[in-house]
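Good morning, everyone, and thank you for making time for this.

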Amino acid sequence: MSETIGIVQLGPTLDCSVEELRDKVARKFPSYQVRRLEPMDTPPLALDSFRKQYHSTRILVALEENAQAVRTKRLLGVAAFDLFVPGMNFVFGEARCPGRVAVISTYRLRAEDPDESDLFEGRVCKEAVHEIGHMLGLKHCSNPLCVMHFSERLADTDRKEDSFCSECEPKMKWLEVE
Ligand SMILES: [Zn+2]
Ligand SMILES: [Zn+2]
């Protein structure tokens, strides 16, 4: 049986379709089994009430506990709320690299025009593929079109594609992490 990547909604609401994201991610990682899991509560300790943002590294810790509980070797959390790490105003996502868990936020990916839902869903897919790439050991790539290029702002996300460049693709591997 192939290795499993779980996708889990964090918190009660989400503005993107997890099922659609699952289908897209499954197409990008054909050698893995990609599963949608039951939504998970947002860990309250991750909230910084002064910044009104969630500390993404604390989310990763909660995801690690959940991954153990649901016996998923790799777990991607998807949140509608804003994420940060100390020293940065925000992050689109964070992952253990290589590791078992990653998180993305849709908060800053929304299109200005609500009719542009394809643009929004496309951005969510790119960020998901990027963080899963980190879980599978990939570092940031200097090629601005590669999905592993670091997104500092939305324009970076929009410029890059949702696939790995020819240098990143072969470097990706399933490392056992416990
Ligand atoms: Zn990254
Ligand atoms: Zn690359």
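Predicted model: local features only at pLDDT ≥ 70, side-chain atom pairs only at ≥ 80, totals over all residues.

Let me begin in helix α3, where we find both His130 and His134, which are 4 residues apart, or about one turn of the helix. Helices here are DSSP runs of H or I with at least four residues, strands are runs of E with at least two, and both are numbered from the N terminus.

Residues are numbered from 1 along each chain as its sequence is written, chains are lettered from A and ligands numbered from 1 in the order in which they are written, and side-chain values use heavy atoms, with hydrogens and water left out.

The zinc ion (ligand 2) has the SG atoms of Cys141, Cys146, Cys165 and Cys168 as its protein donors, at 2.3 to 2.4 Å. The angles among these 4 donor atoms are 107 to 111 degrees, and the site is tetrahedral, a label given to four donors if all angles lie between 85 and 135 degrees. For comparison, the ideal angle for four tetrahedral donors is 109.5 degrees. In sequence the donor residues are spaced C-x4-C-x18-C-x2-C. Cys141 sits in the loop between α3 and α4 (154–159), whereas Cys168 is in the segment after α4, so this pair ties together parts that are 27 residues apart in sequence. Cys141 counts as buried because its relative accessibility is 14%, and Cys165 counts as buried at 12%. How many disulfides are there? The count is 0, with a disulfide taken as a pair of cysteine sulfur atoms within 2.5 Å.

Now to the sheets. In one open sheet, 5 strands follow the order β2-β1-β5-β8-β7 with mixed pairing, where two strands pair if DSSP finds at least two bridges between them. The edges are taken by β2 (33–36) and β7 (93–95), each with a single partner strand, so one side of each has no neighbour in the sheet. On average, neighbouring strands are turned by 15 degrees against each other, direction ignored; such angles run from 0 to 180 degrees between N-to-C directions, with axes fitted to C-alpha atoms, for helices over the stretch in contact. Strand β1 (residues 4–10) runs parallel to β2, joined by 4 bridges, and within this pair Ile7 stands opposite Arg36.

Helix α2 (residues 56–70) packs on this sheet, with a direction at about 125 degrees to that of β8 (101–105). Helix α3 (residues 117–135), where we started, packs on the sheet as well, touching β1, β5, β7 and β8, and contact here means heavy atoms within 4.5 Å.

In the other open sheet, 3 strands lie in the order β3-β4-β6, again with mixed pairing. Here β3 and strand β4 (residues 53–55) run antiparallel, joined by 2 bridges, and Leu47 stands opposite Tyr54. Helix α2 lies across β4 and β6, at about 60 degrees to β4.

Finally, some details of the backbone. Most residues other than glycine have a negative phi, and most peptide bonds are trans. Lys52, in the loop between β3 and β4, has a positive phi near 55 degrees, and Lys52 counts as exposed because its relative accessibility is 66%. Arg71, in the loop between α2 and β5, also has a positive phi, of about 55 degrees. The peptide bond from Cys97 to Pro98 is cis, with omega near -10 degrees, and Pro98 lies in the loop between β7 and β8.

Note on methods:
Donors = N, O, S within 2.8 Å, 3.2 Å for Na, K, Ca; no water. Tetrahedral: all angles 85-135°; square planar, octahedral: opposite > 155°, others 65-115°. Buried < 20%, exposed > 50% of the residue type's maximum accessible area, 1.4 Å probe, protein only.
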